[in-house]
Amino acid sequence: MNQVSEEKTLVTNKRAEHDYFILQRIEAGIALKGTEVKSLRQGKANFLDAYVDFIKGEAYLMNMHISEYTQGNRFNHEEKRKRKLLLNKREILKLQQKVKEKGYTVIPLRAYVKNGKIKIEGFYIAGRKEKKWYYYNEDGVLYLTIEYRKDKEYKINGKKIKLPKGSFE
């Protein structure tokens, strides 16, 4: 029998790709309760402040919001609880090492169903993307935005420039 692995995306973190530098993607399973699975399949979740944390050699997804299941009873889940990621020990150690040494962060990108199992796709990030601190108008005149540092050297079109102190205030 030939099984075709279908993927159905449940929730995505659209803002993460826009705000962060993605270095490497990883796939992990996630330990969920029954009502969490039903809410996720309905798309009632978000990754707004979610990140991966390491506690006692295990990887946990923190601050992922999964809404309560509407037909759930007293056995419904907490909306923002830590959820265990299912990774090999080797993968956990590799992630932990990257986070400690280089200061990376692991953020979830999307939740999807693959062969009947819910998976989380995450990635390393190197930090927030900086907003552009300069622009040119139609006449080719350089304008600076508020977010520049006077003491730093900048490159504009491959040329190094140093902004004079006290100007552009």
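Guide: Let's start with Leu93, which has a relative accessibility of 48% and so counts as partly exposed.

Visitor: Why is Leu93 called partly exposed?

Guide: Buried means under 20% relative accessible area, exposed means over 50%, and partly exposed is in between, with a 1.4 Å probe and protein chains only. At 48%, Leu93 falls in the middle class. Leu93 sits in helix α3, residues 89-102. Helices are DSSP runs of H or I with at least four residues, strands are runs of E with at least two, and both are numbered from the N terminus.

Visitor: What should I know about the model itself?

Guide: This is a predicted model, where local features need pLDDT of at least 70, side-chain atom pairs count only at pLDDT 80 or more, and totals for chains, interfaces and linings use all residues. Residues are numbered from 1 along each chain as its sequence is written, and side-chain values use heavy atoms, with hydrogens and water left out.

Visitor: What makes Lys56 exposed?

Guide: Its relative accessibility is 82%, so Lys56 counts as exposed. Lys56 lies in the loop between β4 (51-55) and β5 (58-62). Its phi is positive, near 50°, although Lys56 is not a glycine. Most residues other than glycine have a negative phi.

Visitor: Which class does Asn115 belong to, with its 47%?

Guide: Asn115 is partly exposed, because its value is 47%. The loop between β8 and β9 holds Asn115, and its phi is also positive, near 55°.

Visitor: How do you know that Glu36 is buried?

Guide: The relative accessible area of Glu36 is 0%, so the label is buried. Glu36 belongs to helix α2.

Visitor: What makes the link between Glu36 and Arg83 a polar contact?

Guide: A polar contact is a pair of N or O atoms within 3.5 Å; within protein, one must be able to donate a hydrogen and the other to accept it, and residues adjacent in sequence count only if both atoms are side-chain atoms. The side chains of Glu36 and Arg83 are joined at 3.0 Å, so the pair meets the cut-off of 3.5 Å. Leaving aside neighbours within four places in sequence, Glu36 is in contact (heavy atoms within 4.5 Å) with Ile66, His77, Glu78, Arg81 and Arg83.

Visitor: Which residues of α2 are buried?

Guide: In α2, residues 34-41, they are Thr35, Glu36, Ser39 and Leu40. Seen down the axis of α2, these buried residues fall within an arc of 135° (taken from the directions from the helix axis to the C-beta atoms), so they line one face of the helix. An α-helix has 3.6 residues a turn, so residues three or four places apart point the same way. After α2 comes Gly43, with a positive phi near 80°.

Visitor: How many cavities of 30 Å³ or more are there?

Guide: The search of the whole structure finds one. On a 1 Å grid over the protein atoms alone, a cavity is a set of points where a 1.4 Å probe fits but cannot get out, and lining residues have an atom within 4 Å of a point. The largest cavity has a volume of about 60 Å³, where volume is the space filled by probe spheres set on grid points joined across faces, edges and corners. Strand β8 gives the largest share of its lining, three residues.

Notes. 1 Å grid on protein atoms, 1.4 Å probe; cavity = no way out; pocket = protein on both sides within 12 Å on 5 of 7 lines; lining within 4 Å.
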